[in-house]
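Here are my notes for you to read beside the model. Keep the 3D view open and follow along point by point.

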Amino acid sequence: MELNRYFDHTLLKAEATSDQVMKLCDEALEYHFASVCVNPVFVPLAAGKLEGSDVKVCTVIGFPLGANEPAVKAMEAALAVDEGAQEVDMVINIGKAKEKEFGYIQDEIARVKQASRDALLKVIIESSALSDDEIIGCCEAAVAAKADFVKTSTGFHKTGGASIHAVSLMRKTVGEGLGVKASGGIHTLAEAEAMIEAGASRIGCSASVAIMKELAARS
């Protein structure tokens, strides 16, 4: 297992600066992470820095609340892809998930998927805010809408981030056809390995470098 290739090296703070994004990209290049995940305004900067490398540019759509109209999410995704995003992490409408309006969820995912064209689409369901039945319904909607991944969390919700239970349930629901991204509150090697054991195929975190250093120290 090449642990480095699991990581979406992430910087989504509101106060993030261009210099910090460039440092994020440098770290991702050094460790050959799967991607950097940055706010949409930084997509052109990251795309220029990472052009020709094995590190993808990932951005977030409808972030962090997910309460935008589907048409706005689709336009945001299309612009991000035009500017160099190769992966798109969209937040679903959490309120609609709580109301079990999974047809709405499927439709908004499908609209963002179409707008994202060839970019990889990851669907953030904010699992810590949902019941098991709601997690299953959102995952089934993502499968039906032909998303590429389901993702646990934004990391910004008051109820918390990724959990072993949620990752395991999401993997069971989507099978092997979709990826599962664990994100939110992952800070240590043990936590990352536990998420992978539970079924995660991608890890979103800002502690990627620290975790790789922990792995090196173990070796």
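1. First, a caution. This is a predicted model. Read each point below with that in mind.

2. Start with strand E7, residues 179–183. Is E7 enclosed or open? Five of its five residues are buried, so the strand is largely enclosed by the rest of the structure. Buried here means under 20% relative accessible area.

3. On one side sit Gly-179, Lys-181 and Ser-183. On the other sit Val-180 and Ala-182. Both faces are covered, and the residues on each are all buried. Note that Lys-181 is on this list. You will meet that residue again.

4. Which strands pair with E7? One is E6, residues 149–151. E6 and E7 pair in the parallel sense, over three bridges. Lys-151 has Lys-181 of E7 as its bridge partner. To get from E6 to E7, the chain passes through helix H7, residues 164–174. This β-α-β crossover is right-handed.

5. Another partner is strand E8, residues 202–205. E7 and E8 run parallel and are joined by three bridges. Lys-181 turns up here too: its bridge partner in E8 is Arg-202. The chain leaves E7, passes through helix H8 (residues 189–198) and reaches E8. That β-α-β crossover is right-handed.

6. Turn to H7. Which of its residues are buried? They are Ala-166, Val-167, Leu-169, Met-170, Arg-171 and Val-174. Look at the spacing in that list. An α-helix has 3.6 residues a turn, so residues three or four places apart point the same way. What covers the buried residues of H7 includes helix H6 (132–144), E6, E7 and H8. After H7 comes Gly-175, with a positive phi near 70 degrees.

7. Next, the largest pocket. Its space is about 590 Å³. The lining has 27 residues. Closest to the pocket centre are Thr-10, Leu-11, Leu-12, Cys-205 and Ser-206.

8. Where does the lining come from? Strand E1 (7–11), helix H1 (18–31), E7 and E8 each supply at least two residues. H1 gives the largest share, four residues. So E7, the strand from point 2 with five of five residues buried, also contributes to the pocket lining.

9. Finally, what kinds of residue line this pocket? There are 10 nonpolar, 11 polar and six charged. Find them in the 3D view before you move on.

Terms used
Residues numbered from 1 in each chain as written. Predicted model: local features only at pLDDT ≥ 70, side-chain atom pairs only at ≥ 80, totals over all residues. Heavy atoms only, no water. Buried < 20%, exposed > 50% of the residue type's maximum accessible area, 1.4 Å probe, protein only. Pairing = 2+ DSSP bridges. Right-handed = clockwise from strand over helix to strand, strands pointing away. Contact = heavy atoms within 4.5 Å. 1 Å grid on protein atoms, 1.4 Å probe; cavity = no way out; pocket = protein on both sides within 12 Å on 5 of 7 lines; lining within 4 Å. Points joined across faces, edges and corners; volume = space filled by probe spheres on them. Nonpolar A, V, L, I, M, F, W, Y, C, P; charged D, E, K, R; others polar.
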